[in-house]
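Please look over the sequence and the structure before reading on.

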Amino acid sequence: MKKKILITSFDLAIGGVERSLIGLLNQIDYNKYDVDLLLFKHEGEFLSFIPDGPILLPEEPSYTTFRKSIHQIMKDGFYPIAISRIIAKYTGLFHGKVKKVEEPGYLSIQYGWEFSNRLLPKQNKEYDVAIGFLWPHHFIGDKVQAKKKIGWIHTDYSNIYVNKKIEKKMWGKIDEIVVVSEECSQTFLNNFPDFKEKTTVIENILSPDFVREQAMVEIPKEIIKLPGKTILVTVGRLTHAKGLDEAVRACKELLMEGFDIEWYVIGYGPLENELKNLIKELGVDKHFILLGKKTNPYPYIEACDIYVQPSRYEGKAVTIREAQVLGKPVVITNFPTAKSQAISGVDALITECGKDGIVRGLRKIIKNEELQRTLISNVLSRDYGNENEINKIYRLFEV
């Protein structure tokens with residue numbers, strides 16, 4: 001008899017976690033497993049990438065509120081949830097201010113689930129295995145009946161601030177914890193050593209054939225290659241973690257030094273207006289271009305001369321691996337998990353975080369064509385596919 005599996009996430013908007021979820025769904029053997037996919041909101045550019053195997057469950061209206069503004073929640077008539085979100089928002093901001101947290105958003109998310117949990121309905125169906133693919137995991141912990149519950153971690157706990165009491169209670173209801181890299185596992189266990197026995201490292205599943213195939217689908221109209229011009233591309237959400245404000249400042253510095261560059265960013269997020277204002281303020285609007293959402297970012301990576309990841313922190317950046325699959329020289333900042341992504345000078349150039357580090361790294365790689373050729377040769381000779389990671393997941397399915 002087939003095992004019944006539930007996989008949950010918020011939506012399929014463009015992002016690294018969402019691409020990883022599609023990678024997982026494409027690798028599951030549906031002859032062995034009956035899979036239900038529960039998305040809190042049926043939206044996102046990757047919806048069309050869901051394969052034939054899983055059954056997409058209907059939306060539950062109260063859970064769609066986690067992807068809506070408080071104003072919209074009130075407009076839709078979910079008044080108790082809206083009130084809980086308001087309390088959570090200000091509790092998170094107050095807690096963050098007291099602790100001098102640079103990015104208190106994780107606290108507000110935690111409190112949002114904690115305060116609204118009792119207002120949300122439970123799932124009626126029982127499963128052999130329930131997977132929460134995107135943090136936090138209150139839903140599978142409290143609202144799902146399953147013989148085994150698995151929660152994924154995609155971030156670096158050394159760079160986020162959470163309420164440890166709430167976090168520990170949540171993870172205590174999860175049977176297996178999956179972390180996407182050894183470094184992320186270590187930072188998680190530094191904070192929560194009690195969960196060591198049930199923590200496993202499983203990398204995000206990447207299919208090189210899929211990446212290469214999608215890269216050939218179109219030619220980006222926005223990118224025009226001219227002799228002597230260096231095309232840079234970054235893919236990522238417009239958030240503090242991605243370091244794009246430092247990238248804008250680095251772009252300005254490189255232009256002042258005489259480098260002929262155009263830097264294209266694929267993505268969207270809460271800092272869009274802030275970044276647009278900074279781009280205008282520094283006068284680099286013709287050289288640092290925000291292209292917004294793109295369902296398929298791979299043709300843009302294919303079109304670049306150098307792929308850049310200027311992040312402050314990452315869990316495991318799928319985009320870096322995708323750029324390497326496409327044979328691109330990659331420059332990444334030395335965020336805490338950077339060395340799990342690449343070996344500097346071998347299959348990427350790792351430079352210091354911040355504007356000055358980004359400038360130094362890009363200056364070095366643009367001026368050194370031999371280094372570019374070495375990086376390209378090395379990434380093309382490597383097999384970055386890891387489809388066999390699915391076997392580790394199958395082992396966790398045993399109950």
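How do the residues of the lining of the second largest pocket divide into nonpolar, polar and charged? The lining holds 9 nonpolar, 7 polar and 2 charged residues; here Ala, Val, Leu, Ile, Met, Phe, Trp, Tyr, Cys and Pro count as nonpolar, Asp, Glu, Lys and Arg as charged, and the others, Gly among them, as polar.

The model is predicted, so that local features need pLDDT of at least 70 and side-chain atom pairs count only at pLDDT 80 or more, while totals for chains, interfaces and linings use all residues. Residues are numbered from 1 along each chain as its sequence is written, and side-chain values use heavy atoms, with hydrogens and water left out.

**The second largest pocket**

The space in the second largest pocket is about 250 Å³. A pocket is an open set of points on a 1 Å grid over the protein atoms alone, where a 1.4 Å probe fits, with protein on both sides within 12 Å along at least five of seven lines; lining residues have an atom within 4 Å of a point. Of its 18 lining residues, Arg-19, Ile-22, Gly-23, Asn-26 and Phe-210 are the closest to the centre. Two or more lining residues come from each of α1 (16–27), α8 (208–215) and α12 (318–325), and α1 gives the largest share, 6 residues. Helices (H or I, at least four residues) and strands (E, at least two) are DSSP runs, numbered from the N terminus.

**Salt bridges**

Side chains of opposite charge can pair when their charged atoms come close. A salt bridge is a side-chain nitrogen of Lys or Arg within 4 Å of a carboxyl oxygen of Asp or Glu, and the count comes to 33. Three of them are listed below.

| Pair | N to O distance |
|---|---|
| Glu-322 and Arg-19 | 3.0 Å |
| Lys-229 and Glu-262 | 3.5 Å |
| Arg-249 and Asp-245 | 3.5 Å |

Glu-322 in helix α12 and Arg-19 in helix α1 are 303 residues apart, and their pair links distant parts of the chain. Glu-322 is buried at 1% relative accessible area, and Arg-19 is buried at 8% (buried means under 20%, exposed over 50%, partly exposed in between, with a 1.4 Å probe and protein chains only).

Lys-229, in the loop between α8 and β8 (230–235), lies 33 residues from Glu-262 in strand β9 (residues 261–266). Both residues, Lys-229 and Glu-262, are buried.

Arg-249 and Asp-245 are 4 residues apart in helix α9 (residues 244–256), about one turn of the helix. Arg-249 is partly exposed at 32%, whereas Asp-245 is buried at 17%. Through shared partners, salt bridges join Asp-245, Glu-246, Arg-249 and Arg-312 into one network.

Definitions and conventions: Points joined across faces, edges and corners; volume = space filled by probe spheres on them.
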